Amino acid sequence: VYASVLYLQLPGYFKIILRGQEVQRHSIATDLIYRQAVSYTPLEFLRKKEGEVVTSIGFLNGAPTISVHGFNIYHRNRLILPFHRVLSSASSKGRGVAGVLEANFIKPTHDKQDFEKSQLYQKLIIRLKDMTTEYWDLHSHLIGYQKKPRASVSPTPPGMLTASDTIAEPSERNAVGAGLSVAPWRGGTRDHPASAIPIAFAPPHLSVPAGTSGHAPCSMPAAQMVPATDSAETRKRRNEDDVQMDPCKRQAIQSLEVDNQICQRMTERDLNEFE
């Protein structure tokens, strides 16, 4: 059997005789069902004809009941690696997938039983591995396996909560009574929010115990406490502190100033976690 597949093509004047009987040449590519031809050319041989490799890949006739799979890699018409496995046999992926190719750009060992582990050989094995995975994902359902949807390439944007879902609109009377300057509320809809807050930074919905006020007390940070009437010297000093402040810290404080309505529904512990 090995002698029948030892050569990819046999000339008319060449015969293999074993124990007085002629060995008939057998083509492994004829045993493949749902066969496809895939071309591969290494970057080093883009302008050379000998660098192009056409691989016949498909399922062996009888798959998936048979566990034979792998690639038959020939070099100058002679078989070097018969049914060389490129995927791990731990799972059923790639079961029954076989291929035939002739790679003349890689060099075999002296005993013609393996290839030298060069960079070109490693790239070829990686390409055959990807080829097997792609073929399995597209054709495994033809032999009885359940087809799984391929993963989407485009990343999914992170989930966002609109300001209307996370911020309760404060009353101006409470804000003025606490001595805070509250930014005006800009309404928005769910489809077109005025401002969006990542879910990771959204405050939890707190349940207010009976007999307490609707807004839980919270201690505001120094940058959040803005007196109703500031002198010119105080505002100048605060602006100078903002300029000298670290950019990341200043950006965080500015975000808190914009979303100061959140504090109306937080306790002191929740505010520290949010910061």
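The side chains of Glu44 and Lys123 meet in a salt bridge, with 3.2 Å from N to O. That pair ties together distant parts of the chain: Glu44 sits in the loop between E3 and E4, while Lys123 belongs to helix H1, 79 residues apart. Keep in mind that this is a predicted model. Here's the rundown, starting with the charged pairs and then moving to the sheet and the helix.

**Salt bridges**

- The structure has two salt bridges in total.
- In the Glu44–Lys123 pair, Glu44 is partly exposed, with a relative accessible area of 44%, and Lys123 is also partly exposed, at 30%.
- The other pair is Asp114 with Lys117, whose closest N and O atoms are 2.8 Å apart.
- Asp114 comes out as partly exposed at 26% relative accessibility, whereas Lys117 counts as exposed at 52%, because the cut-off for exposed is over 50%.

**The sheet**

- Five strands make up an open sheet, and if you walk across it the order is E3-E4-E7-E5-E6, with mixed pairing.
- The edges are held by strand E3 (32–40) and strand E6 (78–84); each has a single partner strand, so one side of each has no neighbour in the sheet.
- From one strand to the next, the twist averages 15°.
- E3 and strand E4 (residues 53–60) run antiparallel and are joined by seven bridges.
- If you want a spot to look at in that pairing, Val38 has Thr55 in E4 as its bridge partner.

**Helix H1 and what it packs on**

- Helix H1 (residues 119–139) lies across E3, E4, strand E5 (70–75), E6 and strand E7 (97–102), and runs at about 140° to E3.
- With 21 residues, H1 reaches 30 Å from its first C-alpha to its last, close to the 30 Å expected at 1.5 Å a residue.
- Which residues of H1 are buried? They are Leu120, Tyr121, Leu124, Ile125, Leu128, Met131, Thr132, Tyr135, Trp136 and His139.
- As for what covers the buried residues of H1, the cover includes E3, E4, E5, E6 and E7.

Technical notes
Residues numbered from 1 in each chain as written. Predicted model: local features only at pLDDT ≥ 70, side-chain atom pairs only at ≥ 80, totals over all residues. Heavy atoms only, no water. Pairing = 2+ DSSP bridges. Helix = DSSP H or I, 4+ residues; strand = E, 2+ residues; numbered from the N terminus. Axes fitted to C-alpha atoms, helices over the stretch in contact; angles between N-to-C directions. Contact = heavy atoms within 4.5 Å. Salt bridge = Lys/Arg side-chain N within 4 Å of Asp/Glu carboxyl O. Buried < 20%, exposed > 50% of the residue type's maximum accessible area, 1.4 Å probe, protein only. Expected span 1.5 Å × (residues − 1).
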